[in-house]
Amino acid sequence: MLLVSPNKHRDGVPDAFNELDACINFSTTAIKKQIHAFWIFLSTTVHMIRIISSLIFYIFSKFLSSRKSMDKKTRFPILRLDYVAIREVLKVLDPIDHINFSEASKACRRLSTIKTPYKVELSIMDHPRAMFKNGPITYDLTWSDDKDKDGTRRIEKWANKSHEYLFMYSEHPLNAMKKFYLDARSLMGVEVSSVVFNMDHANSRGIVDWLRLNLSGFEALRVFGKNQRQEDLEYILDNLKCEGSLKINVDTIQRYPLEIPNTLEELDIRYASWITLDYLMSLKMSRLAFNGTHVTNQDINVFYKSWMKMDSHQNLEFFEIDLRIPEEFLAVGLKDIPYRMGPMRPGLDPSYTPMEGSFEVTRKDGLKASICVYHHLLGFTMILYTQLLFLQKN
């Protein structure tokens, strides 16, 4: 028998050819498997994409239909509420939301005329400002034509426990503040309690005319300005009706006496070089403060004695005046006035540093007062506090 070695021949084909054929068959099979796997992956991916696309289309369709349905009906049916309920809802709106609500429709405009007892402070400064006070919260609104460095318009809002602040951009800040106030007044019946006025504004008389036209009167007026004409200051005082507190911090070119009604409760004048003893004795206000005067220690002594004898200023609560020669105040200002030393009272202004103790004096009727001397950036000042001031606070 002829034995054929397997390494030699198989079916008459050399072993090398058999091995080559086997490799080719293996490679073909592997490629087919890879193509099949890729096809399955591709089919699965396409199927998943179809499913996800259908899902996205479904969600988007539902979103559009919900938006359309929401547009057809009011989210919160406030107009269907009872009048009393609407009144309570409007009470919780801040002034801006209240005005925005009024502009939504004619019906909202009619409903918005529900009075809200806001006290308002208007500030005519570089950046006009309106403060609405009602209960524990104060709404502080400021208008400005300032822009950010990139040219965008600034609108900022922030808040703390007692204040809500809104800083708004406007090309015409003063006009924007005027419009907002008039809208608020027509809707909420707000009442202006105080006005802060900067005379350095370009059109001060025009602003005064607008204030006179739209404000019947208010409790407090503060006026600021530098290098102003006396007649312009007098124009403000003649045309704005202040009924309680008047504070004038205006450096005028001419410094003539001002005609100020004695119906006020408080008068505070800086740059008061025209103040004289006769003028002091003619005043009837309960709180007086002056700085920059030429009143002497002798004049102060006359004022004290008149008060202690009840010849003048019987309703006086507070009297402040600067001291030209503070080292002579004790010997001249308190000459022949009986007093005893008492504790120093802290200054009403945090920049005032108390000097030693207080001088306790008693009026003819037994009313007591404390006289204190303070040092501040501009020099020395004297303040007389009477018991009436603390009785008012209590």
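The expected span of a helix is 1.5 Å times one less than its number of residues, and helices are DSSP runs of H or I with at least four residues, numbered, like strands (E, at least two), from the N terminus. The model is predicted, with local features needing pLDDT of at least 70 and side-chain atom pairs pLDDT 80 or more, while totals for chains, interfaces and linings use all residues. Residues are numbered from 1 along each chain as its sequence is written, and side-chain values use heavy atoms, without hydrogens and water.

**Exercise 1.** Describe the length of helix α5, its buried residues and the residue that follows.

Step 1: α5 covers residues 173-188, which is 16 residues, and its first and last C-alpha lie 22 Å apart, close to the expected 22 Å.
Step 2: Its buried residues (under 20% relative accessible area with a 1.4 Å probe, protein chains only) include Pro173, Leu174, Lys178, Asp183 and Met188.
Step 3: After α5 comes glycine 189, with a positive phi near 65°.

**Exercise 2.** Find which residues lie nearest the centre of the largest pocket, and which elements contribute two or more residues to its lining.

Step 1: Of the 26 residues that line this pocket, Asp268, Arg270, Glu320, Asp349 and Tyr352 lie nearest its centre.
Step 2: The elements that give two or more residues to this lining are β9 (218-228), β10 (242-252), β11 (266-269), β12 (287-290), β13 (318-323) and α11 (387-393).
Step 3: A pocket is an open set of points on a 1 Å grid over the protein atoms alone, where a 1.4 Å probe fits, with protein on both sides within 12 Å along at least five of seven lines, and lining residues have an atom within 4 Å of a point.

Notes. Buried means under 20% relative accessible area, exposed over 50%, partly exposed in between (1.4 Å probe, protein chains only).
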